[in-house]
Protein chains: 2
Amino acid sequence: MLNIDNLTRFELNKRSFEEVLFPTVITKEFFGKEKEHIKGFDSQVYWVTKAGESLLEKPLVLRPTSETAMYPMFALWIRSHADLPLKIYQFVNVYRYETKQTRSFIRVREIHFFEAHTCHENYDSAEKQITEYFEIIKSLTRKLCLPYIATKRPDWDKFPGAFYSIGFDVLMPTGKTLQIASVHQYKENFSMVYNIKYENIAGEHKYVHQTTFGMSERLIGAIISIHKDERGLILPPEIAPTQLVIVPIFVKELEAKEVLKVANEIKQELEVNRFRVKLDDRKEITPGNKFYYWERRGVPLRIEIGPNEVKAKTISFVKRTGKSRIVCPKEELIEKAKILFSQLQNEIYDRAKNFLKNNIKTLRSLKNLKKLGIYRVFWCGKRICALELENKLGMNVLGLELDSHEKEEKCITCNEPSNTVIYLAKTY
Amino acid sequence: MLNIDNLTRFELNKRSFEEVLFPTVITKEFFGKEKEHIKGFDSQVYWVTKAGESLLEKPLVLRPTSETAMYPMFALWIRSHADLPLKIYQFVNVYRYETKQTRSFIRVREIHFFEAHTCHENYDSAEKQITEYFEIIKSLTRKLCLPYIATKRPDWDKFPGAFYSIGFDVLMPTGKTLQIASVHQYKENFSMVYNIKYENIAGEHKYVHQTTFGMSERLIGAIISIHKDERGLILPPEIAPTQLVIVPIFVKELEAKEVLKVANEIKQELEVNRFRVKLDDRKEITPGNKFYYWERRGVPLRIEIGPNEVKAKTISFVKRTGKSRIVCPKEELIEKAKILFSQLQNEIYDRAKNFLKNNIKTLRSLKNLKKLGIYRVFWCGKRICALELENKLGMNVLGLELDSHEKEEKCITCNEPSNTVIYLAKTY
């Protein structure tokens with residue numbers, strides 16, 4: 001997770017975001033200001049009511065998200081157009097009282113959370129921020145090897161208080177989708193409540209336009225579920241805690257010293273080049289068992305060093321996605337490792353991408369339905385038609401297709417003309 | 001704070017620690033197991049008692065520290081001597097219900113916290129860990145330019161549940177000390193309660209010996225208080241969010257283009273070399289006001305670029321601790337910046353070190369007392385003598401001098417022979 005956080009930091013810092021840390025607890029007064037927001041979260045928040053033996057005069061909420069902690073501060077920080085755009089983010093834990101069955105990484109009550117918040121002069125500038133979020137998500141998910149579909153959530157499912165919300169969903173091997181990111185346009189909905197104003201060049205006081213972008217430990221849930229085979233986990237190299245494991249192999253005790261010496265040299269060279277590498281020199285375990293041990297844990301590359309490699313001055317790699325040895329001269333170690341990482345990354349990305357593509361079907365009739373995967377459906381825009389469809393399919397509306405330019409067809413429920421496409425799936 | 005965290009990470013990872021993230025909330029059952037520990041924290045913990053509209057069946061504690069969250073897991077993770085030493089750490093927020101007046105960074109209720117936890121086969125191995133903590137603290141505080149004194153806390157002031165505690169205190173400009181780190185030897189005190197056992201080579205089941213090491217945002221409190229002058233903050237280069245600021249200077253609009261071009265080149269070269277740098281190209285503010293702006297914020301180095309520098313292909317630096325310009329050829333930019341950082345770091349460290357040294361006095365009589373600073377006093381070992389001394393001086397015992405080899409003198413309170421030295425100070 002920390003490696004994912006660091007990739008995220010890299011993308012955000014590059015785009016002039018600054019990292020902050022706001023408090024976990026929020027007073028009832030601040031939390032209660034935005035009515036829609038509260039309605040959305042009220043049943044889910046944890047309350048701190050007692051400290052030591054005393055009841056607190058003012059009970060505190062454990063943040064379910066940080067709008068209500070941050071925005072009173074934004075109102076103090078922002079004075080003029082020179083203070084805009086304000087672009088900040090934080091990695092924190094948030095708390096949601098889930099009454100449904102919990103599930104590791106996917107539905108938990110204390111959530112490792114990423115949230116970016118921005119303020120802008122006007123709607124257009126905020127819309128440009130949304131575009132930037134798309135770039136960040138594209139770049140990041142490519143490194144995590146997670147292809148997704150992005151849809152605009154229907155109005156009844158948007159973030160509480162948002163003007164609109166966009167969800168990013170991956171397709172899990174079970175055929176159900178999992179939301180891994182979301183992006184929200186708030187317009188002036190929060191700034192009017194928290195009184196976040198700036199003075200423009202003409203000297204007028206205006207409310208800022210705001211956006212947010214969130215992700216969570218669900219990214220790990222998606223990675224673990226999607227990147228695997230019969231031998232276990234396959235970790236994308238960019239985030240693997242151990243990127244390479246070196247397994248020394250020798251038959252005679254005489255060979256051991258030389259093999260371990262070379263293994264250590266290789267380890268050192270990889271470390272100098274900022275790879276995360278482990279040398280498994282345990283004596284009580286056979287090489288075969290070591291292979292199995294590290295494969296299960298998803299380590300992307302294995303290096304085997306035996307007397308042959310020492311003698312020939314070569315490196316033998318085995319990719320986590322294959323079984324055969326790939327041999328190169330010792331001096332090409334770093335270069336070859338990079339190539340193999342890139343290959344493995346493409347392999348697991350492409351496999352997931354194909355799985356997603358093959359499981360999106362455009363549905364024009366409700367006959368011969370498959371039970372899982374994602375459906376694309378024409379829809380007239382009426383909530384009642386969507387609800388009926390959800391019931392018939394036993395699925396949820398993910399959202400509306402973005403940039404839809406298809407020619408008009410008919411709403412699958414009511415037959416009225418429609419050029420809006422929605423996506424439906426069973427969801428986690 | 002994040003830069004300090006990263007320096008800490010670097011020291012810990014180098015010594016085979018692994019980073020973890022444990023939950024914020026702890027059940028009453030886990031929290032209540034170690035009796036001394038609870039006694040120490042019971043009056044300070046926040047309780048989560050409600051979620052949505054429901055009262056929780058099992059109220060939850062917001063962690064005041066993480067022993068009681070981690071150790072039930074350690075009991076599952078550790079099986080044999082091959083699992084030892086276990087060395088982990090985390091950066092999290094902890095919560096303590098302070099009834100005293102709060103003070104930014106120094107006494108707060110939600111604390112940005114670092115905690116390392118280790119398990120070992122025996123007492124000796126745990127003692128070696130304590131030695132390693134000393135190395136880490138020495139290396140880290142040198143980068144933060146924070147000289148300290150380390151003392152063994154008296155028994156009545158050790159961490160609740162510890163066998164012994166060592167405190168690391170800095171001397172603030174007010175003459176009061178601030179604890180910035182602590183290290184604890186737990187022996188088997190917690191492992192016996194949380195049943196953390198391992199099987200040794202002989203096949204016997206033994207309790208592990210444990211240690212911890214903690215720091216907090218007080219590090220920032222110390223840095224801000226100690227490193228300053230009449231112009232404001234002076235940040236140690238290793239942690240300054242902005243390490244260098246470039247201020248372009250030009251009289252005529254004609255010169256502007258060329259000056260800004262060179263300023264941008266310099267910025268880029270610094271960034272490539274991993275410096276944190278800002279170019280202040282604001283038009284509405286004069287260079288003089290920019291100097292003032294960045295000085296107040298503690299930026300360690302300023303680069304001034306005007307037509308002269310452009311023409312002569314030189315760089316003009318001004319150190320935050322000085323006023324005069326230091327000029328070097330443009331091609332020596334990186335090298336010179338590193339030298340100046342190192343100089344500045346030594347300057348502010350030495351200044352703080354001298355201040356600390358000059359304010360530790362060995363006290364042999366209670367006449368002519370200064371009101372502030374640190375006193376070294378011979379003490380017989382009886383709590384009542386220490387209490388009397390605390391009352392007379394209006395100070396607290398910090399702790400016992402480590403490695404004390406002085407020849408025997410007399411307890412300042414009762415005149416009994418003593419070769420134990422304690423330190424006293426007013427404390428935050």
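How many residues of chain B are in contact with chain A? The number is 27, and they touch 27 residues of chain A, where contact means heavy atoms within 4.5 Å. This is a predicted model, in which local features need pLDDT of at least 70 and side-chain atom pairs count only at pLDDT 80 or more, while totals for chains, interfaces and linings use all residues. Residues are numbered from 1 along each chain as its sequence is written, chains are lettered from A and ligands numbered from 1 in the order in which they are written, and side-chain values use heavy atoms, with hydrogens and water left out.

The size of an interface is often given as the accessible area lost when the parts come together. Between chain B and chain A about 2100 Å² is buried, 59% of it on carbon and sulfur atoms; buried area is the accessible area (1.4 Å probe) that two parts lose on being put together, summed over both. There are zero salt bridges between chain B and chain A, a salt bridge being a side-chain nitrogen of Lys or Arg within 4 Å of a carboxyl oxygen of Asp or Glu. Polar contacts link 11 residue pairs between the two chains, both residues being at pLDDT 80 or more. A polar contact is a pair of N or O atoms within 3.5 Å; within protein, one must be able to donate a hydrogen and the other to accept it, and residues adjacent in sequence count only if both atoms are side-chain atoms.

Among the elements of chain B that give two or more residues to the side touching chain A are helix 1 (2-14), strand 3 (46-51) and strand 6 (110-120). Helices (H or I, at least four residues) and strands (E, at least two) are DSSP runs, numbered from the N terminus. Strand 3 of chain B gives the largest share of this side, six residues. By class, the side of chain B that touches chain A has 13 nonpolar, seven polar and seven charged residues. Here Ala, Val, Leu, Ile, Met, Phe, Trp, Tyr, Cys and Pro count as nonpolar, Asp, Glu, Lys and Arg as charged, and the others, Gly among them, as polar.

Two strands pair if DSSP finds at least two bridges between them. Within this pairing, K50(A) stands opposite W47(B).

Chain A has an open sheet of 11 strands with mixed pairing, in the order 1-5-6-12-9-8-7-22-25-21-20. Its edges are strand 1 (18-19) and strand 20 (360-363) of chain A, each with a single partner strand, so one side of each is left without a neighbour in the sheet. Strand 7 (residues 149-152) and strand 22 (residues 396-401) of chain A are antiparallel and share two bridges, with L400(A) as the bridge partner of K152(A). Strand 22 of chain A is in turn joined to strand 25 (residues 420-425) of chain A by four bridges, again antiparallel. Strand 25 of chain A also pairs with strand 21 (residues 374-379) of chain A through five antiparallel bridges, and there F378(A) faces V421(A). Helix 11 of chain A packs on this sheet, touching strand 7, strand 8, strand 20 and strand 21 of chain A, and its direction makes about 15° with that of strand 20 of chain A. Axes are lines fitted to C-alpha atoms, for helices over the stretch in contact, and angles run from 0 to 180 degrees between N-to-C directions.

A second sheet of chain A is open and mixed, with five strands in the order 16-15-17-18-19. Strand 16 (277-279) and strand 19 (326-329) of chain A are at its edges, each with a single partner strand, so one side of each has no neighbour in the sheet. Neighbouring strands of this sheet are turned by 25° against each other on average, direction ignored. Helix 11 (residues 333-358) of chain A lies across strand 15, strand 17, strand 18 and strand 19 of chain A, at about 10° to strand 18 of chain A.

Some local details remain. Over all chains the count is 52 salt bridges. One of them joins R153(A) and D169(A), with the closest N and O atoms 3.1 Å apart. The peptide bond from L84(A) to P85(A) is cis, and a cis peptide bond also joins L84(B) and P85(B).
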